[in-house]
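Subject: Handing over the structure, with notes on its charged residues

Dear colleague,

Please find below the structure that I am passing on to you. My notes on what was found in it follow directly after.

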Amino acid sequence: MKKDIHPEYAPVVFRDISADFSILTRSTLTSTQTVEWEDGNTYPVVDVDISSASHPFYTGKQKILDTAGRVEKFRRRYATKDDAKA
């Protein structure tokens, strides 16, 4: 690699606050916030909104939405005169 053109690649903690989940990995991201990790060292921490610990695809837990209400609202909005008679 050429010197002085690449960002620093260092250990960083990514923290998903909603799922109380953290992972230590290496990244080029930096942060002014720090956290003490399980090994006793202090690392920069980056807070994320969603991770594999909180994403519905990975957890299998989806929020139940009012789909019936949405369908009825769609039908009322886009119903034609022929649909109303049927």
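Does Arg 15 count as buried, partly exposed or exposed, and what is its relative accessibility? Arg 15 counts as partly exposed, at 25% relative accessibility. Please keep in mind, here and in everything that follows, that this is a predicted model.

Among the contacts in the protein chain with a separation of 6 or more, 32% are accounted for by residues 24 or more positions apart.

The salt bridges come next, and with the criterion of a side-chain nitrogen of Lys or Arg within 4 Å of a carboxyl oxygen of Asp or Glu, the count comes to two salt bridges. In one of them the side chains of Arg 15 and Asp 47 meet, with a distance of 2.7 Å from N to O. Because Arg 15 lies in strand 1 (residues 10–16) and Asp 47 in strand 4 (residues 42–48), this pair ties together parts that are 32 residues apart in sequence. Asp 47 is partly exposed, its relative accessible area being 35%, and Arg 15, as said above, counts as partly exposed too.

The other salt bridge joins Arg 75 with Glu 72, and here the closest N and O atoms are 3.8 Å apart. Both Arg 75 and Glu 72 lie in helix 2 (residues 67–78), where three residues, or about one turn of the helix, separate them. Arg 75 counts as exposed at 52% relative accessibility, whereas Glu 72, with a relative accessible area of 40%, is partly exposed.

Helix 2 is also where Arg 77 lies, and Arg 77 belongs to a patch of positive charge on the surface, in which it gathers with Arg 70, Lys 73 and Arg 76. The relative accessible area of Arg 77 is 55%, and this residue is exposed.

Which residue is buried yet has no salt bridge? That residue is Asp 16, for which the nearest side chain of opposite charge, that of Arg 15, is 8.7 Å away. Asp 16 has its place in strand 1. Leaving aside residues up to four places away in sequence, Asp 16 touches Phe 21, Val 48, Asp 49, Ile 50, Ser 51 and Ser 54.

Finally, two backbone angles may deserve a look when you go through the model. Most residues other than glycine have a negative phi. Asp 4, however, has a positive phi, near 65°, and its place is in the segment before strand 1; with a relative accessible area of 81%, Asp 4 is exposed. Asp 20 likewise has a positive phi, near 50°, and is found in the loop between strand 1 and strand 2 (21–27). Asp 20 is exposed as well, with a relative accessible area of 74%.

Note on methods. Residues are numbered from 1 along each chain as its sequence is written. This is a predicted model: local features need pLDDT of at least 70, side-chain atom pairs count only at pLDDT 80 or more; totals for chains, interfaces and linings use all residues. Side-chain values use heavy atoms; hydrogens and water are left out. Helices (H or I, at least four residues) and strands (E, at least two) are DSSP runs, numbered from the N terminus. Buried means under 20% relative accessible area, exposed over 50%, partly exposed in between (1.4 Å probe, protein chains only). Lys and Arg count as positive and Asp and Glu as negative; His and the chain ends are not counted. Contact means heavy atoms within 4.5 Å. Patches are made of residues with over 30% relative accessible area and no salt bridge: like charges are joined within 9 Å, nonpolar side chains (Val, Leu, Ile, Met, Phe, Trp, Tyr) within 5 Å. Accessible areas come from the Shrake-Rupley method with a 1.4 Å probe; for residues, only the protein chains shown count as cover. The place of a charge is taken as NZ of Lys, CZ of Arg, CG of Asp or CD of Glu.
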